[in-house]
Amino acid sequence: MAAASRASLVLFLVVATSAVVASMLAVAPGAGAATTACVPTQLTPCAPAIVGNAAPTAACCARLKAHPASCFCQYKKNPNMQRYVNSPNGKKVFAACKVPLPKC
């Protein structure tokens, strides 16, 4: 039962982040053409650690480290994403991966 609940939460995170990406592209078409795009779905390897209580994987930490810090500021301000970035588990994942959350 716990595995099914965790899988449901991960699926929810993937769907939610996909919706955020779609809304960001709809609001700002062409944005990011000259800069690195903020694509939250690149962080799906972190979903089990942020949504559940799993330890972050090496893939998760690598993705967090490669993700632009400016994107985390956008996520912290986005109502659909801030609950993940600002959550206690989210903060634990950033700390475990040694990725500082930017001051925005």
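Select Cys38 and Cys71 to start. Both Cys38 and Cys71 are buried, where buried means under 20% relative accessible area, exposed means over 50%, and partly exposed lies in between (1.4 Å probe, protein chains only). A disulfide joins Cys38 to Cys71, with 1.9 Å from S to S; the term covers a pair of cysteine sulfur atoms within 2.5 Å. This pair links distant parts of the chain, 33 residues apart: Cys38 sits in the loop between helix H1 (2-27) and helix H2 (47-51), and Cys71 sits in helix H4 (residues 69-77). Helices here are DSSP runs (H or I, at least four residues), numbered from the N terminus. The link of Cys38 and Cys71 is left-handed, with -85 degrees about the S-S bond.

A word on the model before moving on. This is a predicted model, in which local features need pLDDT of at least 70 and side-chain atom pairs count only at pLDDT 80 or more, while totals for chains, interfaces and linings use all residues. Residues are numbered from 1 along each chain as its sequence is written, and side-chain values use heavy atoms, with hydrogens and water left out.

**The other disulfides**

How many disulfides does the structure hold? It holds four. Counting bonded cysteines along the chain, their pattern is 1-5, 2-3, 4-7, 6-8.

Select Cys46 and Cys60 next. A disulfide joins Cys46 to Cys60, at 2.1 Å from S to S. The pair links distant parts of the chain, 14 residues apart, with Cys46 in the loop between H1 and H2 and Cys60 in helix H3 (residues 58-66). Is this disulfide of Cys46 and Cys60 left-handed or right-handed? The torsion about its S-S bond is about 110 degrees, so the disulfide of Cys46 and Cys60 is right-handed. Cys46 counts as buried at 0% relative accessibility. Cys60 counts as buried, also at 0% relative accessibility.

Now step to Cys61 and Cys97. A disulfide joins Cys61 to Cys97, with an S to S distance of 2.0 Å. Cys61 lies in helix H3 and Cys97 in the segment after helix H6 (88-96), so the pair ties together parts that are 36 residues apart in sequence. The torsion about the S-S bond of Cys61 and Cys97 is about -70 degrees, so this disulfide is left-handed. Both Cys61 and Cys97 are buried.

**Helix H3**

Color H3 and look down its axis. Its buried residues are Cys60, Cys61 and Leu64. What do the buried residues of H3 pack against? They pack against H4 and H6.

**The aromatic cluster**

Select Phe72, Tyr75 and Phe94. These residues form one aromatic cluster. The structure holds two aromatic pairs; rings of Phe, Tyr and Trp (its six-membered ring) pair if their centres lie within 6.5 Å, with planes under 30 degrees apart counted as stacked, over 60 as edge-to-face and the rest as tilted.

Take Phe72 and Tyr75. Their ring centres are 6.1 Å apart and their planes are at 80 degrees, so the pair is edge-to-face. Phe72 and Tyr75 are three residues apart in helix H4, separated by about one helical turn. Phe72 counts as buried at 2% relative accessibility. Tyr75 counts as buried at 1%.

Phe72 and Phe94 form an edge-to-face pair, 5.0 Å centre to centre with 85 degrees between the planes. This pair links distant parts of the chain: Phe72 in helix H4 and Phe94 in helix H6, 22 residues apart.

**Two last stops**

Select His67, in the loop between H3 and H4. His67 counts as buried, at 5% relative accessibility. A polar contact of 2.7 Å joins the side chains of His67 and Tyr75; such a contact is a pair of N or O atoms within 3.5 Å, where within protein one must be able to donate a hydrogen and the other to accept it, and residues adjacent in sequence count only if both atoms are side-chain atoms.

Finish at Leu101, in the segment after H6. Leu101 is partly exposed, with a relative accessible area of 24%. Leaving aside neighbours within four places in sequence, Leu101 is in contact (heavy atoms within 4.5 Å) with Phe72, Val85, Lys91 and Phe94.

Note on methods. Helix = DSSP H or I, 4+ residues; strand = E, 2+ residues; numbered from the N terminus.
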